[in-house]
Amino acid sequence: MIDSHSHIYCDAFDDDREEMLVRAREAGVTHIVMPNENLASLSRLKAVHEAHPDFVSMTIGLHPEEIADDFRAQLDAMHQILAEGSTPFVAVGEIGIDLYWEQDRREEQLEALDTQLHWCKEFGLPFIIHCREGVEECLQVMDNFGEALPQGVFHSFTGTAADIEAIRQRGDFYFGVNGIVTFKKSDIKHLLPVIGTDRLLLETDSPYLAPVPKRGKRNESAFTAHVLDFVASEMGIDTATLDQITTRNAKLLFNIQ
């Protein structure tokens, strides 16, 4: 299994990060992709990557909830790091639109997303999209891109079948599914056939959104196994087969060897 989205570098794991990584390996996780949030978090990603270079990968990007007055300066600094080419990033992310809590920074989020999508083109990297109450805005930016869009994933997808169709009209993108799919009131399980196995990635979004039967606890990469088991059961697919397919998908998207 590949956990395609896990914040294992954050302070929630400072007391037991190494033990948590052992549990992930024992559960069958073979690789973890760590999504960046802001300029300050890059040092944490790098520290975990340096300790486990064959087990974890890093991305670079400014999370929409992290956009503040200094967002352009943060973007400039990140672009310089990418241009230097000395740090092995596998994607630009997590980037996107989040209008769930407030909309005061809507225009800034649109600008930041556009800027970072162009990084994907410039540096040959896929994207990781965070989209919450912002599908129209994400598609608006994509429609204004003006050239062939890069590959990418809409992580922690919680949209509708119409959203999937609209996204696919822009490109053959992937959709990340995590513990939300196991929640009783979640509709995502009904959309799994619409997504299809060939466009599906597994993730945890640790330390958030722990799946049933771990709901309410701190999430961790080992719990990818619960997501895999649930999705395989819902789709009527052998667990080992789905594991193989989703692992291949993540390797292809992020160029993981």
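Q: Leaving aside its neighbours within four places in sequence, which residues is Leu82 in contact with?
A: Contact means heavy atoms within 4.5 Å, and by that criterion Leu82 touches Ile60, Phe89, Trp119, Phe123 and Leu125 once neighbours within four places in sequence are set aside. This is a predicted model, in which local features need pLDDT of at least 70 and side-chain atom pairs count only at pLDDT 80 or more, while totals for chains, interfaces and linings use all residues. Residues are numbered from 1 along each chain as its sequence is written, and side-chain values use heavy atoms, with hydrogens and water left out.

Q: Is Leu82 buried or exposed?
A: Buried means under 20% relative accessible area, exposed over 50%, and partly exposed in between (1.4 Å probe, protein chains only). Leu82 has a relative accessible area of 9% and is therefore buried; its C-alpha atom is separated by 7.7 Å from that of Phe123, 41 residues apart along the chain.

Q: At what angle do helix H3 and helix H4 pack?
A: Helices are DSSP runs (H or I, at least four residues) and strands likewise (E, at least two), numbered from the N terminus. Axes are lines fitted to C-alpha atoms, for helices over the stretch in contact, and angles run from 0 to 180 degrees between N-to-C directions. Helix H3 (residues 71–84) and helix H4 (residues 106–123) pack at about 5 degrees, with axes 11 Å apart, and H3 and H4 are therefore roughly parallel (angles under 35 degrees). Among the residues making the contact are Leu75, Met78 and Leu82 of H3, and Ala112, Thr115 and Trp119 of H4.

Q: How many aromatic pairs does the structure hold?
A: Rings of Phe, Tyr and Trp (its six-membered ring) pair if their centres lie within 6.5 Å, with planes under 30 degrees apart counted as stacked, over 60 as edge-to-face and the rest as tilted. The structure holds six such pairs. In one of them, the rings of Tyr100 and Trp101 have centres 4.8 Å apart and planes at 85 degrees, so this pair is edge-to-face. Phe127 and Phe154 also form an edge-to-face pair, at 6.4 Å centre to centre and 85 degrees between the planes; Phe127 lies in strand E5 and Phe154 in strand E6, so the pair ties together parts that are 27 residues apart in sequence.

Q: Over which ring does the charged end of Arg25 sit?
A: A charge sits over a ring if NZ of Lys or CZ of Arg is within 6 Å of the ring centre and within 35 degrees of the ring normal. The charged end of Arg25 sits over the ring of Phe55, 3.8 Å from its centre, and Arg199 lies over the face of Tyr174, at 4.0 Å from the ring centre.

Conventions:
Parallel < 35°, antiparallel > 145°, perpendicular 65-115°, else oblique.
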